[in-house]
Amino acid sequence: MRKSDSKHLDSMFLERWSPRAFSSEAISDENLNTLFEAARWSPSCFNEQPWHYVYARSEDDLTRFQSILVDANKAWASSAPVLVIAFSKKQFSHNNKPNRWADFDSGAAWMALTLQANKLGLHCHGMGGFDQDKAYQVTNVDADKYNAICVIAVGKMISPENLSLDLQKKESPSDRKPITEFISEGKMS
Ligand SMILES: Cc1cc2nc3c(=O)[nH]c(=O)nc-3n(C[C@H](O)[C@H](O)[C@H](O)COP(=O)(O)O)c2cc1C
């Protein structure tokens with residue numbers, strides 16, 4: 001179990017982590033919708049809600065989504081019952097101007113989604129290791145309008161014994177640097 005430096009920290013932050021050992025057991029429609037519902041209520045600049053998710057859960061869709069992953073991710077993420085590609089809309093809808101906060105807002109939405117997954121007994125593992133060009137191809141998403149940010153594996157975590165020996169060694173929650181390394185008062189020191 002991870003240990004916080006603050007006794008007041010909500011345990012949900014420590015309990016969230018990114019496993020690689022996923023059961024292929026399907027996720028119910030209700031649970032899947034609840035994940036997206038959590039993302040839905042995230043804050044965003046101008047309430048633009050720039051996030052867009054294309055998800056795969058049928059065998060055909062999963063095979064296409066798996067094909068865009070780098071091999072290191074394919075090795076474990078191929079057992080996840082759901083893969084989600086998270087996109088971020090580049091322009092504001094109200095004036096078509098560049099939205100430089102879009103990825104920040106989409107990041108907030110992904111965190112809501114993943115924390116909600118934990119509350120439902122599921123886990124998420126985000127992956128930047130994928131071919132961006134292929135992400136647009138397999139989803140029909142317009143690359144001029146959206147940024148392909150991340151592929152998210154969603155599913156039930158199972159015993160690490162289901163992984164190769166190499167991956168088993170990596171299968172544990174990681175630690176963090178202390179807050180003193182990323183906060184400054186007044187000016188960056
Ligand atoms: C945007 C993003 C990209 C990531 N890309 C990968 C990836 O390609 N492969 C992988 O195994 N993990 C990936 N991760 C998982 C991180 O390595 C992980 O979140 C980090 O080491 C902290 O561990 P924790 O999530 O278990 O707390 C990614 C996470 C994020 C948020």
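Biologist: So what's the handedness of the crossing of α2 and α5?
Modeller: Right-handed, going by this model, which is a predicted one.

Biologist: Okay, and at what angle do α2 and α5 pack?
Modeller: About 140 degrees, between α2 at residues 29-40 and α5 at residues 102-119. Their axes are 7 Å apart.

Biologist: Why do α2 and α5 count as oblique and not roughly antiparallel?
Modeller: Roughly antiparallel needs an angle over 145 degrees. The angle here is about 140 degrees, so α2 and α5 are oblique to each other.

Biologist: Which residues meet there?
Modeller: From α2 you have T34, L35, A38 and A39. On the α5 side they meet A109, A112, L113, Q116 and A117.

Biologist: And how does that contact split by class?
Modeller: Seven nonpolar residues, two polar and no charged ones.

Biologist: What about phi of N47?
Modeller: Also a positive value in a residue other than glycine, near 50 degrees. N47 is found in the loop between α2 and β1 too.

Biologist: Is N47 buried or exposed?
Modeller: Exposed, because N47 has 8 other C-beta atoms within 10 Å, and 12 or fewer counts as exposed.

Biologist: And how many C-beta neighbours does F46 have inside 10 Å?
Modeller: F46 has 13, so F46 counts as partly exposed.

Key. Residues are numbered from 1 along each chain as its sequence is written. This is a predicted model: local features need pLDDT of at least 70, side-chain atom pairs count only at pLDDT 80 or more; totals for chains, interfaces and linings use all residues. Axes are lines fitted to C-alpha atoms, for helices over the stretch in contact, and angles run from 0 to 180 degrees between N-to-C directions. Helices (H or I, at least four residues) and strands (E, at least two) are DSSP runs, numbered from the N terminus. Angles under 35 degrees count as roughly parallel, over 145 as roughly antiparallel, 65 to 115 as roughly perpendicular and the rest as oblique. A crossing is left-handed if the near helix is turned anticlockwise from the far one by less than a right angle, and right-handed if clockwise. Two residues are in contact if their C-beta atoms, placed from the backbone, lie within 7 Å. Ala, Val, Leu, Ile, Met, Phe, Trp, Tyr, Cys and Pro count as nonpolar, Asp, Glu, Lys and Arg as charged, and the others, Gly among them, as polar. A residue is buried if 20 or more other C-beta atoms lie within 10 Å of its own, exposed if 12 or fewer, and partly exposed in between; C-beta atoms are placed from the backbone.
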